[in-house]
Amino acid sequence: MKYFLQRLSFICCLMVMCLGREGYAQLSLRSKSFKAGESAFRSYRYMDAIWHLNRVLAADSGNIAAAEMLAYSYRQTKKYDLALHGYGKLSRHQPLKAEWALYYAEALAVDQQYEKSENWYRAYMRMMPSDRRASAFSRADPGAFSKDATFWRVSLTDLNTSASEYSPVFYKEGLLFASNRLTDRPVKRVFLWDKTPFTSLYYIKNLKDIKSANDHSLGSVLGARNTGMRSNDDDTAPTSNDSRTLGQYDPSVITDSSGTGDVLNAGVQLLHGSVNSKYHEGPAAAFPDGSLIFTRNNYFKGKTRVSEDGVNKLKLYIATGNNLSVISEFPYNNDEYSVGHPALTADGNILVFASDMPGGYGGTDLYYSVRSGTQWSRPINMGKQVNTEGSEQFPSLSADGSLFFSSTGHPGLGGLDVFEVPLTNMRPIRSPVNLGAPINSSRDDFGFIRARDGKSGFFSSNRRGNDDIYSFEQASYRVILAGQVTDGRTRLPLGGSRLLLRTLDGVDTVMTNGRGEFRLEMRKETDYEITAQKLGYVSQLVFKTSIGVDKDSLIRTDMQLFKTESRQQYVISNCDSLKRVFAVENIFYDLDRDEIRPDARRALDHLASLMKRYPEMSVVTASHCDSRASEEYNRDLSLRRGTAAKNYLVAKGINGSRIKVEYYGKTRLLNRCYDGVVCSEADQQLNRRTEFDVILNGVNLTQLNCSEL
């Protein structure tokens with residue numbers, strides 16, 4: 001082959017000087033290979049396409065059409081390094097296509113070249129400013145996704161073989177999952193996407209029989225298998241109307257990586273009944289009575305159907321009966337688009353699934369359908385807070401009402417990442433949160449399920465090569481913030497209230513449920529400023545912290561809001577103009593001192609003048625320290641600083657009852673100059689301060705966010 005390619009290149013050079021018979025033969029060969037590669041590409045036979053297109057490019061390296069199809073074929077078969085190389089070349093070609101910039105940015109992220117990836121997301125954003133992904137990814141900090149890397153302990157399970165295992169789901173007392181592992185039967189059909197066996201559903205009866213792969217003599221071999229080949233049996237549609245079937249595979253399934261063909265866990269068995277067919281069976285979910293809803297190619301009652309453009313789409317099927325022998329179709333299946341990846345609530349009455357049906361936001365979106373009796377409601381899109389221009393797939397629902405799913409459209413570490421969002425009445429109450437490392441990696445992470453206690457579970461990932469199933473368990477502690485927002489007078493719950501949670505990393509928004517309740521996990525060693533808001537009510541601000549908490553804890557925070565009166569409504573309605581009138585600057589202190597410095601007197605004199613002019617005005621002084629010295633010492637120092645500021649104002653003729661002193665020590669830093677962190681003196685100075693909140697007609701004007709009213 002090497003000699004053939006050298007000869008081919010030589011003939012191509014000769015063609016520049018003259019076209020003889022050999023030149024015409026070579027042109028014919030190139031044209032034939034291009035047509036064959038293009039045909040395979042358009043038929044989703046990417047492995048065939050790769051072979052033909054490489055022949056084309058060996059003869060004509062400047063063939064951009066072939067290079068584009070080849071790079072995309074590598075992308076679809078998860079040959080990450082080759083896709084990165086291909087899109088790297090295309091990125092230097094002009095005119096640059098927007099999708100090249102996007103796919104190159106994604107490939108760079110998978111390769112953990114995050115800074116370069118961010119630059120290419122920005123390039124894509126300039127070309128496609130309406131695509132929300134570009135802005136979100138270009139602003140994301142990949143380092144933030146690894147902050148809680150020690151919280152979960154992740155292990156490779158002994159369910160895995162050298163083939164692909166993925167999409168675990170709790171089933172009865174055990175676990176159900178998909179695999180394309182070899183069996184003792186000959187393989188009669190292969191998936192032309194990459195010429196490997198179709199997937200089937202497998203089952204292990206008892207969760208306690210699942211062990212770490214390292215507990216077996218072959219486990220280290222399995223864990224260390226070749227990661228040069230990448231594959232994934234999961235991704236659905238690349239576009240909203242151009243779906244493939246189900247899987248992507250690695251040729252390494254032909255022999256076990258140990259060379260023995262051994263299976264680590266002998267308790268795994270092929271699922272009984274009529275679920276498995278000669279084509280793909282994939283992600284499934286279980287009803288309380290043990291029946292299943294599962295993903296399969298469009299194959300039913302012995303007949304295969306395709307879309308108008310000849311593609312065999314995904315469908316959902318329901319298996320019932322004592323032996324799962326009765327198979328029926330989900331009523332909203334369609335030959336023209338894919339429906340798959342089911343998840344069910346505990347009572348089995350709400351179904352969440354992925355689909356590339358028309359009218360979505362991107363590649364595949366998440367939808368839900370409600371069962372009443374034996375009827376399912378028309379699917380409802382879960383909205384743009386969940387769905388993006390990318391693909392959202394592999395949903396699961398936890399006992400506490402959280403939705404887990406994988407996405408390429410929300411910022412992450414690369415490939416598919418797992419996200420969590422709490423739901424109320426099937427609506428997200430805040431933006432999805434990336435679960436971070438070690439659940440997520442720079443590769444594809446998906447099929448996440450969590451046990452009822454919230455402390456363990458399973459997920460799948462191709463971080464080591466083919467798709468594998470991993471277990472996880474809590475290795476650290478959780479700090480939970482929970483409470484209720486109520487009317488201050490009637491004590492009735494205020495459902496649909498909004499909470500703004502400000503930290504050094506930004507602002508998160510959480511909505512309360514219909515009972516005014518909220519519950520979320522706090523980040524460790526983090527200060528929170530929490531504002532509760534409700535239309536027609538005066539906002540309330542509280543401060544909570546997880547700093548110093550070192551065990552599983554619940555921080556209860558109930559908040560009461562009072563309806564606005566006419567004077568308070570005046571403040572809210574004139575927020576912007578009043579903020580300009582009552583603007584007050586912070587004052588600062590020398591290290592380990594509480595004296596009012598000369599540069600602080602101007603701000604305090606201005607504040608005293610305002611308070612004399614507006615007798616309805618009061619202030620709250622909030623004083624702080626830098627992180628040096630102990631917590632106890634800094635608490636006392638910040639109290640002395642607040643008292644000094646109050647005494648100055650009293651000396652200027654202000655009644656002390658109009659001044660409330662609050663002190664926080666080193667718990668509310670404005671930057672990341674934590675104790676022991678090397679920071680400049682200028683950064684330390686920012687933390688040695690007293691801030692002033694202006695209270696006008698009972699409304700904290702300083703804390704009002706005028707743009708959110």
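Okay, let's start with Lys652, which has a relative accessibility of 36% and therefore counts as partly exposed, since that category runs between the under 20% of buried and the over 50% of exposed. Before I go on, please keep in mind that this is a predicted model.

What does Lys652 meet in a salt bridge? Its side chain meets that of Asp605, at 3.7 Å from N to O. Asp605 sits in helix 12, residues 598-613, while Lys652 is in the loop between helix 13 (631-651) and strand 36 (659-663), so the bridge ties together parts that are 47 residues apart in sequence. Asp605 is partly exposed too, with a relative accessible area of 33%.

While we're around helix 13, have a look at Glu631 and Arg635. Their side chains also meet in a salt bridge, 3.1 Å from N to O. These two are four residues apart in helix 13, so about one helical turn separates Glu631 from Arg635. On accessibility, Glu631 comes out at 29%, which makes it partly exposed, and Arg635 is partly exposed at 33%.

Let me zoom out for a second. The chain has 709 residues, and buried ones make up 54% of them. In terms of secondary structure, we've got 14 helices and 38 strands. If you take contacts in the chain with a separation of 6 or more, 61% of them are between residues 24 or more positions apart. And the salt bridge count for this model comes to 39.

One more salt bridge, then I'll move on. Which residue pairs with Arg305? That's Asp335, with the closest N and O atoms 2.9 Å apart. This pair links distant parts of the chain, 30 residues apart: Arg305 is in the loop between strand 9 (303-304) and strand 10 (314-320), and Asp335 is in the loop between strand 11 (326-329) and strand 12 (339-344). The two partners fall into separate accessibility classes. Arg305, at 48%, is partly exposed, whereas Asp335, at 16%, is buried, because the cut-off for that is under 20%. And there's a network here: Arg305 and Asp335 are linked by salt bridges with Lys315 and Glu329.

If you've got the structure up, find helix 5, residues 80-90, and helix 6, residues 98-110. They pack at an angle of about 140°, and their axes are 9 Å apart. With that angle, helix 5 counts as oblique to helix 6. As for handedness, the crossing is left-handed. Who makes the contact? From helix 5 we have Tyr80, Leu84, Tyr87, Gly88 and Leu90, and from helix 6 Trp100, Tyr103, Tyr104, Ala107, Leu108 and Val110. Sort those by class and you get ten nonpolar residues, one polar and no charged ones.

As background, most peptide bonds are trans, and most residues other than glycine have a negative phi. Here are some exceptions.

Between helix 5 and helix 6 there's a loop, and Pro95 is in it. The peptide bond from Gln94 to Pro95 is cis, with omega about 0°. A cis bond also joins Ala437 and Pro438, where omega is about 5°. You'll find Pro438 in the loop between strand 21 (433-434) and strand 22 (445-450).

Then the positive phi values. Met426 isn't a glycine, yet its phi is near 65°. Met426 is in the loop between strand 19 (417-424) and strand 20 (427-428), and at 12% relative accessible area it's buried. Asn697 is another non-glycine with a positive phi, about 55°. Where does Asn697 sit? In the loop between strand 37 (689-696) and strand 38 (699-700). Is Asn697 buried or exposed? It's buried, at 17%.

That's my tour. Thanks, everyone.

Methods. Residues numbered from 1 in each chain as written. Predicted model: local features only at pLDDT ≥ 70, side-chain atom pairs only at ≥ 80, totals over all residues. Heavy atoms only, no water. Axes fitted to C-alpha atoms, helices over the stretch in contact; angles between N-to-C directions. Parallel < 35°, antiparallel > 145°, perpendicular 65-115°, else oblique. Left-handed = near helix turned anticlockwise from the far one by under 90°. Contact = heavy atoms within 4.5 Å. Nonpolar A, V, L, I, M, F, W, Y, C, P; charged D, E, K, R; others polar. Salt bridge = Lys/Arg side-chain N within 4 Å of Asp/Glu carboxyl O. Buried < 20%, exposed > 50% of the residue type's maximum accessible area, 1.4 Å probe, protein only.
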